[in-house]
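Okay, thanks for coming, everyone. Have a look at this one with me, and we'll go through it piece by piece.

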Amino acid sequence: MALRNIGAPPMIELSPVTAMTAYLTLLLLLITAVWLYSILKRQKKSLDITDEELTTCEYCQIVYLSKKFKRYTHCPQCKSMNDKKSLDRS
Ligand SMILES: [Zn+2]
């Protein structure tokens, strides 16, 4: 009596060479992905070495360095207080 595989999905036949090639390809892709991720992570870190940014005074238009985390900064020239949120909108 012959066994018939009716209704079940067909089995994928893999030779040992094909299975090894697929395994090595997936491993290589994984290593490449981890390598690219580490490079991108390092680049982002190296770009963010300062906690200062350029701010333009909204009264006298002078450009000066200010702390990124401070919302309100004093202009060194006209001593006016600048709000970064309002500068971003304009
Ligand atoms: Zn100013």
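Before I point at anything: helices here are DSSP runs of H or I with at least four residues, strands are runs of E with at least two, and both are numbered from the N terminus. Keep in mind that this is a predicted model, so local features need pLDDT of at least 70 and side-chain atom pairs count only at pLDDT 80 or more, while totals for chains, interfaces and linings use all residues. Residue numbers start from 1 along each chain, as its sequence is written.

So, the overview. The protein has two helices and four strands, and going from the N terminus the order is α-β-β-β-β-α. How much of it is buried? I call a residue buried if 20 or more other C-beta atoms lie within 10 Å of its own, exposed if 12 or fewer, and partly exposed in between, with C-beta atoms placed from the backbone. By that count, buried residues are 4% of the 90 in the protein. For contacts, I take two residues whose C-beta atoms, again placed from the backbone, lie within 7 Å. Of the contacts between residues at least 6 apart in sequence, 15% join residues at least 24 apart.

Strands count as paired if DSSP finds at least two bridges between them. Strand S1, residues 52-56, and strand S2, residues 63-67, run antiparallel and are joined by five bridges. Two of the partners to look for: Glu52 bridges to Lys67 in S2, and Thr55 has Tyr64.

Stay on S2 for a moment, and find Ser66. Is Ser66 buried or exposed? It's buried, because it has 20 C-beta neighbours inside 10 Å. Beyond its neighbours within four places in sequence, Ser66 contacts Glu52, Glu53, Thr55 and Thr73. Take Glu53: it is 13 residues away from Ser66 along the chain, yet their C-alpha atoms are 5.6 Å apart.

Asp51 counts as exposed because it has 10 other C-beta atoms within 10 Å. Which residues does Asp51 touch, if we skip those up to four places away in sequence? Those are Lys67, Lys68 and Phe69. With Lys68, 17 residues along the chain, the C-alpha separation is 5.6 Å.

Okay, on to backbone angles. Most residues other than glycine have a negative phi. Here are two with a positive one. Gln61 sits in the loop between S1 and S2, a hairpin with six residues between the strands, and its phi is near 65°. Gln61 is exposed, since it has 10 C-beta neighbours inside 10 Å.

The other is Lys79, also not a glycine, with a positive phi of about 60°. Where do you find Lys79? Look in the loop between strand S3, 72-74, and strand S4, 81-83. Lys79 is exposed too, because 10 other C-beta atoms lie within 10 Å.

That's what I wanted to show you; over to you for discussion.
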